[in-house]
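I opened this notebook to record what I looked up in one structure.

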Amino acid sequence: MKKALCLIVAAGALAACDARGPEPVNPSLASLANIFGFDALRGKVKQFTQIQRGEDGKISARVSATLDKQGCVQRLRSFQPAMKVDVDMVKEGDYFVDRTSRKKMYQLDAQCRLARTVDGSLEYKKDAKGFITEVVKTENDDAFAGYRYDALGFPRHTLFQNAQGKTEIDVKEDAPDTRRMDATLEARVDGKLAGVTKIRCHYDAHFNPVQCAAAVVAEGEYGSATLNYTQTYQTTYY
């Protein structure tokens with residue numbers, strides 16, 4: 001354990017001294033991260049696994065993916081109970097299909113980015129750089145989710161809205177580009193502050209996180225409870 005801790009600290013130190021500077025996030029990966037509940041990663045990622053554990057040490061979320069050299073996701077497994085996400089998909093041609101049943105689930109565009117659900121109920125609108133900015137219900141052209149990004153491709157503002165209200169998550173500009181995951185997150189429900197999340201991470205040579213500790217503090221009408229969790233990352237590169 002002591003040796004592992006030293007390696008994590010060394011990785012963070014290496015990232016801080018790397019003269020290359022941080023690479024931006026692949027637009028396709030950044031967009032999928034928003035939709036399927038994982039953290040966007042920089043650089044030419046080959047494979048990754050992200051595991052979240054609660055205070056009791058039990059796994060509360062797990063996401064893994066494999067990408068090709070062009071940055072297209074070839075397989076994605078996302079288990080995110082809090083987001084009601086549980087998918088295991090592989091890329092076949094211009095579609096993501098269920099790995100077991102081979103049922104087509106999502107249609108992709110020419111750059112292997114989400115275009116729409118196969119049933120046509122949802123459409124994913126993008127900006128000029130290819131980042132998903134809105135998720136639209138096609139039956140009424142209603143945008144129920146919206147995303148804005150910073151210059152490196154990390155989420156800056158996220159919006160969800162439905163008949164019950166509006167939830168917004170803002171990422172503060174209080175972390176350097178080389179430690180982007182250390183930024184503070186503020187969540188608001190119908191304009192009222194609901195919670196603040198503070199994260200501190202160790203990083204690898206590509207400025208991607210290796211291990212993070214987070215504290216979520218409820219605010220206002222949501223009380224003053226604190227929830228702590230940890231997240232570990234295994235990332236390989238081309």
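The entries below follow the order of the look-ups.

**Basis.** I worked from a predicted model, in which local features need pLDDT of at least 70 and side-chain atom pairs count only at pLDDT 80 or more, while totals for chains, interfaces and linings use all residues. Residues are numbered from 1 along each chain as its sequence is written, and side-chain values use heavy atoms, with hydrogens and water left out.

**Core.** I first looked up the nonpolar cores, each a set of buried Ala, Val, Leu, Ile, Met, Phe, Trp, Tyr and Cys residues joined through side-chain atoms within 4.5 Å. For burial I used relative accessible area: under 20% is buried, over 50% exposed, and in between partly exposed (1.4 Å probe, protein chains only). The largest core holds 35 residues, and Phe36, Phe38, Phe48 and Leu114 have the most contacts inside it. Helix H2 (residues 27-36) supplies the largest share of this core, six residues. Helices (H or I, at least four residues) and strands (E, at least two) are DSSP runs, numbered from the N terminus. Apart from this core lies another, of seven residues, including Cys201, Tyr203, Cys212 and Tyr233.

**Phe38.** I then listed the contacts of Phe38, taking contact as heavy atoms within 4.5 Å. Leaving aside neighbours within four places in sequence, Phe38 touches Leu29, Leu32, Ala33, Phe48, Gln50, Val63 and Leu76.

**Strands.** I counted two strands as paired if DSSP finds at least two bridges between them. Strand S1 (residues 45-53) pairs with strand S16 (residues 226-237) in the antiparallel sense over eight bridges, and Phe48 stands opposite Thr235 in S16. Strand S15 (residues 209-218) also runs antiparallel to S16, joined by seven bridges; here Val216 stands opposite Leu227.

**Aromatic pairs.** Rings of Phe, Tyr and Trp (its six-membered ring) pair if their centres lie within 6.5 Å; planes under 30 degrees apart are stacked, over 60 edge-to-face, and the rest tilted. By this rule I found five aromatic pairs. Phe38 and Phe48 form a tilted one, 5.2 Å centre to centre with 40 degrees between the planes. Phe38 lies in the loop between H2 and S1 and Phe48 in strand S1, so the pair ties together parts that are 10 residues apart in sequence. Both residues are buried. The pair of Phe131 and Tyr149 is likewise tilted, because the ring centres are 4.7 Å apart and the planes stand at 40 degrees. Phe131 counts as buried at 8% relative accessibility, and Tyr149 is buried at 18%. I also recorded one aromatic cluster, formed by Phe36, Tyr106 and Tyr124.

**Charges over rings.** The test requires NZ of Lys or CZ of Arg within 6 Å of the ring centre and within 35 degrees of the ring normal. The charged end of Lys104 sits over the ring of Tyr95, 4.2 Å from its centre, and that of Lys137 over the ring of Phe144, at 5.5 Å.

**Backbone.** Which residues other than glycine have a positive phi? I noted Lys84, with phi near 60 degrees, and Asp141, with phi of about 55 degrees. Lys84 lies in the loop between S3 and strand S4 (85-92) and is exposed at 80% relative accessibility. Asp141 is in the loop between S9 and S10 and is exposed at 55%.
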